[in-house]
Structure formats: C-alpha cells, structure tokens
Amino acid sequence: MDIKEYETLIITQLDELIGSIIKTNPNLQIAVKKGERVGDGISKFLEKKFVEATDNHEYFKESLASPEGKTKNPFDVQTIFALKGHKELIWIDFKAVNLDNDDSNADSGTFNKVIKLIQNGAFYLTYIYVYYRNAASGMDFSANADGKMVKVYLLKDIGDNMHITPNNQMQVNFQEGNVNRTREEFVDFFIGKIRKSYEYRSLDSKDMLEKLNNSEIRLGKYKEPKPPKVYKRKPEKVNVPKKETITFDELKQLNKSQEAKIKNL
C-alpha cells in the first residue's frame, strides 16, 4: 500500500471516530471563561470515549488511555492501527482549543518522545485538535474558522514554523497550516529543528555569560544583534533604546534601599 494512502486512512478513521464522539456529546459540564484553558478535562473525556469506542473497532485495537494522575505521559491515548495483519502503534495527543482566545501556542510535547516512539518501531505521533467555546451550561464543542469540528494531523506534517523551546518542548501555533512531507523529509526537518534550537541556546548562553562578565544581568530574552542604522540625514528625534540589562551595583543598591525602608519601620 502507498504510504500516503496508508496515512490518509489513519487520519480519516480518527477524524470520523472523534467527530462521532463530539456529535454524541456536543456539550460538557466544564466551566470555561475567555483566556482560560480546560484542555485537561476535555482530553480526559476524549481519552475515555476513545477507548470505549474502539472496544470493537474495525481498525483501532488495544486502545489505552494515559494513566490517571500522571501528568508527564508521552501519549493521551495509545492505540494499534491494524490493517491486513500489520499492527501500527500510534500515540495520540489531544489538543483542545478555546476559540474565544486570541492565540494559542500549545506545547506538543518534548522532542525526546518522538525519538522514543521511533526507537519502539513506530512513527505516527498524531495530534487531534478539537475546538470549544463557553456556553450557558459548561462548554460547547464548536467549529473552527474552516468549519471543522476536528482537525487530525500527523506530527510529520506539522507546520514549518514549529520550533523547539529551551525546555525541549515542540511548539506551534494552532492556526498554523500543515505541510505534506514524506517520512524521510520529516526526519531531516526534525533534525534541523533540534539543531536550530541548540544553536539558539548556545548563543543565548554566550550572550548571558558575556553580560555577567560585564557585571550585568540580562532582563529579557536573547536578541540577535542588529546592524547599526545608517541615516541619510540627521534624525530629528533619537529614540533612546529601552535598557534590557541591570548591573550588579544597581541590583545591590536596590536591595540596600529596600532594606533601609524595613529598618526604618
């Protein structure tokens, strides 16, 4: 079977299954307000329903939900996609998106779990996005801007803007589109993202150490140096850049001032 055809079948079956669960349970008794995320509660609900729905499924077998009380688990649901005698281990990660929030950069787990999955002889870490809004009684599953209640995609097709944070979390904006890649193309893409992350961390550490050696502490994130501006004419107003470091002496003086106020009480 063609690999792309095989992957499409997995996605289609997951889309139909989760869509059916949501259609049967359009509202959950989970209170939510703008700016809040209730992903854990929604994820636990979907995990339970997924296991129940695949108890006697044509393709999905031996489904297992993440252990109760364990926050650092590599999957929300582990299942076997069985086709013509071949059994494919799949890890599923549910992502619930509050549509009333302006933006969302949900963590997609550490890159280490991707390597672990491949070492286990599997490949398909799969994200299932569902969307919701606050309702009079709890929350309602809702359609996204594209009119879809569910969005299923394989990690290998994650958007190009995916990056790896300093704590090894893969992160991408939920509105980011997907990119169709071959499995080999994803491996190259993935290695490149790991390399870029470590290169950034190296520059970040070097910059911080240089400032510390200069008796300064950097207050913000690392910023790559920009070339000086070349003015064709003398500017009428010069904007003083915001100070983004604090010297050791300034820090110590602030502490002395605060101590003095306490001592004078």
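1. Lys-95 and Asp-93 form a salt bridge in which the closest N and O atoms are 3.5 Å apart, a salt bridge being a side-chain nitrogen of Lys or Arg within 4 Å of a carboxyl oxygen of Asp or Glu. Both Lys-95 and Asp-93 are buried, where buried stands for under 20% relative accessible area, exposed for over 50% and partly exposed for what lies in between, with a 1.4 Å probe and protein chains only.

2. Please keep in mind that this is a predicted model, in which local features need pLDDT of at least 70 and side-chain atom pairs count only at pLDDT 80 or more, while totals for chains, interfaces and linings use all residues. Residues are numbered from 1 along each chain as its sequence is written, and side-chain values use heavy atoms, with hydrogens and water left out.

3. The secondary structure of the chain comes to 5 helices and 12 strands; these are DSSP runs numbered from the N terminus, with helices (H or I) of at least four residues and strands (E) of at least two. Of the 265 residues in the chain, 40% count as buried.

4. By the rule given in the opening point, the count comes to 12 salt bridges. One of these joins the side chains of Glu-7 and Lys-156, at 3.2 Å from N to O. Because Glu-7 lies in helix 1 (residues 3-24) and Lys-156 in the loop between strand 8 (150-154) and strand 9 (163-164), the pair ties together parts that are 149 residues apart in sequence. Glu-7 and Lys-156 are both buried.

5. Asp-160 and Arg-181 also form a salt bridge, their closest N and O atoms being 2.9 Å apart. This pair links distant parts of the chain, since Asp-160 is in the loop between strand 8 and strand 9 and Arg-181 is in the loop between strand 10 (169-171) and helix 4, 21 residues apart.

6. A network of salt bridges links Asp-204, Asp-207, Lys-211 and Arg-218. Asp-204 has its place in helix 4 and is partly exposed, with a relative accessible area of 21%. Leaving out residues up to four places away in sequence, Asp-204 touches Arg-218 and Tyr-222, contact meaning heavy atoms within 4.5 Å. Asp-204 and Lys-221 are 17 residues apart in sequence, and their C-alpha atoms are 8.1 Å apart in space.

7. The axes of helix 3 (residues 111-119) and helix 4 (residues 183-213) come within 12 Å and cross at roughly 145°; axes are lines fitted to C-alpha atoms, for helices over the stretch in contact, and angles run from 0 to 180 degrees between N-to-C directions. The contact is made by Phe-111, Val-114 and Ile-115 of helix 3, together with Phe-186, Phe-190, Ile-194, Tyr-198 and Arg-201 of helix 4.

8. Which residues touch the most other members of the largest nonpolar core? Of its 57 residues, they are Ile-18, Ile-42, Phe-50 and Met-170, and strand 6 (residues 124-135) supplies the largest share of this core, with 8 residues. A nonpolar core is a set of buried Ala, Val, Leu, Ile, Met, Phe, Trp, Tyr and Cys residues joined through side-chain atoms within 4.5 Å. Not counting residues up to four places away in sequence, Ile-18 touches Phe-50, Phe-94, Ile-128, Val-130 and Val-150.
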